[in-house]
Amino acid sequence: TCEPKVFSGIQPTGIPHLGNYVGAISNWLMLQNRYSGSMLLSIVDLHSITVPQQQQELRQNIIDMTACLLGCGIDTSKTIIFQQSMVPYHTELAWILSCICTIPRIQKLAQWKEKQSKIKEPSVGLLTYPILQAADIMLYKSTLVPVGEDQTQHLELTRDLSRSFNRLRGVLFPECTILLGDVGRIKSLRNPTSKMSKSEPNDKSRIDLTDSPDVIKVKVKKAVTDFISQISYDPDNRPGVSNLIDIHVALTDLSHDEVVEESFLQAEDTSLYKERLAEVIIEKFSPIRKEILRLQADKGYLLDVLRKGSEKASTIAENTIKDVRQYVGL
Ligand code: ADP
Ligand code: NA
């Protein structure tokens, strides 16, 4: 049997949006085919509690994320999809690594510096969660970690902690490599200079995977563009229109030039182009939405998927943790 080598995590924070699909989920769909049987996808609930969460809402979000990932095409015969907290070895390895990691090393991470200044009373977990992230990766001896660019520093920490453990305790962990997707950031339709994000609760322009065709049409129609009626791709000077073209390119086989060319041949203005794009988005997400809604109605099945996935993950993790304990002397 082939041992899992690809690891990625996603926080259970509500229904994923178009940006999550383009930037993360579509990449996982590609990877699960290339590394079939060797990929783990964790719903990282322990990471989400680094900031306050409502009990019922968190439970629901875990179920919803499972439905969304399966609805998008994550296949349990190719990918081990599991709930992080159901595999207790994550926290055990995180503790052991936190005894290797120095305080200045963790404090110098840019994300911590940024969050620390924004959040009034940050928890210890918010400071040390990159150590938990390192444990997530190392527990499965993962070598490929598909994440966003903002995670580069955290992957560097993971590599440092692997090296330190190997040097201090004996060689156990392989070196992991960050696998950056080649797609840029999808921007907000309302404010095309900032990214489409769940962390902007007031941004009603965000396209969620469960939006109905009518809702998608309205959101695309209202997308902020500029006073030039023709379509052209120019992210610096025309961020709104260019973001729409980026979405179009990400969801089809077309290139930027082909989208612009097609629009030119059809003599489209911005509003006609928006109608065409809305159809592209609807065509892409309609089957996904249907599948998500169907799965959401079958909570028993979703819980079963998580339970079975967590059992598979546990089997691998247990092997690693046995060695870790022995190497440490526990
Ligand atoms: P959010 O900002 O909506 O909370 P997360 O930070 O949870 O999203 O990111 C989950 C995954 O989705 C990450 O891999 C991230 O790189 C990707 N992602 C999030 N927003 C976008 C976006 N607007 N465009 C492309 N990828 C994105
Ligand atoms: Na494309």
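Mentor: The model is predicted, so local features need pLDDT of at least 70 and side-chain atom pairs count only at pLDDT 80 or more, while totals for chains, interfaces and linings use all residues. Residues are numbered from 1 along each chain as its sequence is written, and chains are lettered from A and ligands numbered from 1 in the order in which they are written.

Trainee: Which helix gives the largest share of the shell around ligand 1?

Mentor: A residue is near a molecule if its C-beta atom, placed from the backbone, lies within 6 Å of it. By that rule 17 residues surround ligand 1, with Gly 19, Gly 23, Gly 148, Ser 197 and Lys 198 the closest. Helices are DSSP runs (H or I, at least four residues) numbered from the N terminus, and strands are runs of E of at least two. The largest share, five residues, comes from residues 18-34, which form helix H1.

Trainee: Is strand S3 enclosed or open, and how many of its residues are buried?

Mentor: A residue is buried if 20 or more other C-beta atoms lie within 10 Å of its own, exposed if 12 or fewer, and partly exposed in between, with C-beta atoms placed from the backbone. In a regular strand the side chains alternate between the two faces of the sheet. In S3, Thr 79, Ile 81 and Gln 83 are buried on one side, and Ile 80 and Phe 82 on the other. S3 (residues 79-83) is therefore largely enclosed by the rest of the structure, the buried count being five of the five residues.

Trainee: What is the orientation of helix H7 to helix H8?

Mentor: Axes are lines fitted to C-alpha atoms, for helices over the stretch in contact, and angles run from 0 to 180 degrees between N-to-C directions. H7 (residues 124-139) and H8 (residues 152-169) pack at about 65°, with their axes 9 Å apart. Angles under 35 degrees count as roughly parallel, over 145 as roughly antiparallel, 65 to 115 as roughly perpendicular and the rest as oblique. H7 is therefore, relative to H8, roughly perpendicular.

Trainee: Is Lys 141 buried or exposed?

Mentor: Lys 141 is found in the loop between H7 and strand S4 (144-147). Its phi is near 50°, a positive value in a residue other than glycine. Lys 141 has 20 other C-beta atoms within 10 Å, so it is buried.

Trainee: Is Ala 267 buried or exposed?

Mentor: Ala 267 lies in the loop between helix H11 (256-265) and helix H12 (270-296). With 8 other C-beta atoms within 10 Å, Ala 267 is exposed.
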